[in-house]
Amino acid sequence: YCWPMSASSGDVGFFTEVVKLLLQVAWADDQVGQREKDMIFGLARSWYVPEPELKVLMERLDQGQPLPQPNLKLLRSRPDEVLEAVRGLTLADGTLAEEESAMVAQITEMLKG
(Lines give C-alpha, C1' and ligand atoms only; values in the text may rest on other atoms or scores of the structure.)
Protein backbone atom coordinates (compact mmCIF):
# COMPACT_ATOMS: atom_id res chain seq x y z
CA TYR A 1 0.00 0.00 0.00
CA CYS A 2 1.35 3.42 -0.92
CA TRP A 3 0.77 6.22 1.57
CA PRO A 4 0.13 9.59 -0.05
CA MET A 5 0.94 11.44 3.14
CA SER A 6 4.44 12.65 3.70
CA ALA A 7 5.41 14.60 6.73
CA SER A 8 7.27 17.81 7.19
CA SER A 9 8.46 19.02 10.55
CA GLY A 10 5.35 21.19 10.91
CA ASP A 11 3.12 18.12 10.67
CA VAL A 12 4.66 16.16 13.54
CA GLY A 13 1.85 16.98 15.98
CA PHE A 14 -0.82 15.97 13.48
CA PHE A 15 0.89 12.70 12.60
CA THR A 16 1.50 11.86 16.26
CA GLU A 17 -2.28 12.12 16.74
CA VAL A 18 -2.86 9.93 13.65
CA VAL A 19 -0.56 7.29 15.16
CA LYS A 20 -2.52 7.39 18.45
CA LEU A 21 -5.71 6.86 16.47
CA LEU A 22 -4.20 4.03 14.41
CA LEU A 23 -3.12 2.25 17.59
CA GLN A 24 -6.69 2.40 18.86
CA VAL A 25 -8.01 1.09 15.55
CA ALA A 26 -5.51 -1.77 15.59
CA TRP A 27 -6.60 -2.63 19.15
CA ALA A 28 -10.34 -2.56 18.24
CA ASP A 29 -10.46 -6.35 17.85
CA ASP A 30 -8.51 -6.85 21.13
CA GLN A 31 -5.41 -8.01 19.32
CA VAL A 32 -2.70 -6.29 17.38
CA GLY A 33 -0.96 -8.38 14.78
CA GLN A 34 2.73 -8.00 14.06
CA ARG A 35 1.98 -6.64 10.57
CA GLU A 36 -0.26 -3.95 12.05
CA LYS A 37 2.35 -3.08 14.66
CA ASP A 38 5.13 -2.94 12.07
CA MET A 39 3.01 -0.80 9.79
CA ILE A 40 2.18 1.71 12.52
CA PHE A 41 5.80 1.83 13.65
CA GLY A 42 7.01 2.36 10.09
CA LEU A 43 4.48 5.11 9.46
CA ALA A 44 5.35 6.83 12.71
CA ARG A 45 9.01 6.80 11.75
CA SER A 46 8.32 8.13 8.25
CA TRP A 47 6.15 10.87 9.77
CA TYR A 48 8.90 11.89 12.22
CA VAL A 49 6.87 11.07 15.33
CA PRO A 50 9.33 11.74 18.18
CA GLU A 51 11.11 8.52 19.16
CA PRO A 52 10.49 8.82 22.94
CA GLU A 53 6.76 9.32 22.40
CA LEU A 54 6.58 6.47 19.91
CA LYS A 55 8.42 4.18 22.31
CA VAL A 56 5.94 4.94 25.11
CA LEU A 57 2.95 4.35 22.81
CA MET A 58 4.30 1.01 21.58
CA GLU A 59 5.15 -0.11 25.13
CA ARG A 60 1.63 0.70 26.31
CA LEU A 61 0.27 -1.29 23.40
CA ASP A 62 2.51 -4.27 24.16
CA GLN A 63 1.52 -4.21 27.83
CA GLY A 64 -2.20 -3.85 27.13
CA GLN A 65 -2.33 -0.50 28.93
CA PRO A 66 -4.90 2.13 27.98
CA LEU A 67 -3.84 4.19 25.00
CA PRO A 68 -4.03 7.99 25.02
CA GLN A 69 -6.96 9.58 23.23
CA PRO A 70 -5.99 11.38 20.02
CA ASN A 71 -6.68 15.09 19.64
CA LEU A 72 -9.86 15.08 17.53
CA LYS A 73 -9.70 18.80 16.82
CA LEU A 74 -6.33 18.31 15.15
CA LEU A 75 -7.47 15.20 13.28
CA ARG A 76 -10.59 16.99 12.01
CA SER A 77 -8.34 19.52 10.30
CA ARG A 78 -7.40 16.86 7.70
CA PRO A 79 -10.12 14.16 7.76
CA ASP A 80 -9.39 12.66 4.34
CA GLU A 81 -5.79 11.90 5.27
CA VAL A 82 -6.84 10.41 8.60
CA LEU A 83 -9.45 8.15 7.00
CA GLU A 84 -7.01 7.01 4.35
CA ALA A 85 -4.51 5.99 7.03
CA VAL A 86 -7.23 4.22 9.03
CA ARG A 87 -8.49 2.29 6.00
CA GLY A 88 -4.97 1.28 5.04
CA LEU A 89 -4.31 -0.03 8.53
CA THR A 90 -7.53 -2.00 8.76
CA LEU A 91 -6.51 -3.89 5.64
CA ALA A 92 -2.88 -4.41 6.73
CA ASP A 93 -3.45 -7.85 8.22
CA GLY A 94 -5.42 -9.02 5.20
CA THR A 95 -8.74 -9.21 7.04
CA LEU A 96 -11.26 -6.61 8.07
CA ALA A 97 -12.66 -7.59 11.45
CA GLU A 98 -16.22 -6.53 12.22
CA GLU A 99 -14.91 -4.38 15.08
CA GLU A 100 -12.46 -2.64 12.75
CA SER A 101 -15.19 -1.96 10.19
CA ALA A 102 -17.41 -0.48 12.91
CA MET A 103 -14.53 1.65 14.14
CA VAL A 104 -13.92 3.05 10.64
CA ALA A 105 -17.59 4.10 10.55
CA GLN A 106 -17.30 5.68 14.03
CA ILE A 107 -14.16 7.57 13.05
CA THR A 108 -15.82 8.83 9.89
CA GLU A 109 -18.64 10.24 12.02
CA MET A 110 -16.27 11.71 14.63
CA LEU A 111 -14.26 13.53 12.00
CA LYS A 112 -17.39 15.19 10.65
CA GLY A 113 -18.12 16.57 14.14
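Because the model is predicted, local features need pLDDT of at least 70 and side-chain atom pairs count only at pLDDT 80 or more, while totals for chains, interfaces and linings use all residues. Residues are numbered from 1 along each chain as its sequence is written, and side-chain values use heavy atoms, with hydrogens and water left out.

Helices here are DSSP runs of H or I with at least four residues, strands are runs of E with at least two, and both are numbered from the N terminus. Buried means under 20% relative accessible area, exposed means over 50%, and partly exposed is in between, using a 1.4 Å probe and protein chains only. Gln24 sits in H1 and, at 15% relative accessibility, counts as buried. Leaving aside residues up to four places away in sequence, Gln24 touches Leu67, Pro68, Gln69, Pro70 and Met103, where contact means heavy atoms within 4.5 Å.

Next come the charged pairs. Side chains of opposite charge can pair when their charged atoms come close. With a salt bridge taken as a side-chain nitrogen of Lys or Arg within 4 Å of a carboxyl oxygen of Asp or Glu, the structure holds eight of them. One of these links Asp11 to Arg78, with the closest N and O atoms 3.2 Å apart. Asp11 lies in the segment before H1 and Arg78 in the loop between helix H4 (72-76) and helix H5 (79-90), so the pair ties together parts that are 67 residues apart in sequence. Asp11 is buried at 17% relative accessible area, whereas Arg78, at 21%, is partly exposed.

Another salt bridge joins Lys55 and Glu59, whose closest N and O atoms are 3.6 Å apart. These two are four residues apart in helix H3 (residues 51-63), which puts about one helical turn between them. Lys55 is exposed at 52% relative accessibility, and Glu59 is partly exposed at 34%. In helix H6 (residues 98-112), Lys112 and Glu109 are three residues apart, about one turn of the helix, and their side chains meet in a salt bridge at 3.4 Å, N to O. Both Lys112 and Glu109 are exposed. Shared partners also join Asp11, Arg78 and Glu81 into one salt-bridge network.

Finally, there is the helix packing. Two packed helices are described by the angle between their axes and the distance between the axes. Axes are lines fitted to C-alpha atoms, for helices over the stretch in contact, and angles run from 0 to 180 degrees between N-to-C directions. The axes of helix H2 (residues 34-46) and H3 come within 11 Å and cross at roughly 165°. H2 and H3 are therefore roughly antiparallel (over 145 degrees; under 35 is roughly parallel, 65 to 115 roughly perpendicular and the rest oblique). In this pair, Lys37, Phe41, Ala44 and Arg45 of H2 meet Glu51, Leu54, Met58, Leu61 and Asp62 of H3. As for H1 and H5, their axes come within 10 Å and cross at roughly 35°. Residues of H1 including Phe14, Phe15 and Val18 take part in the meeting with H5, where the partners include Glu81, Val82 and Ala85.
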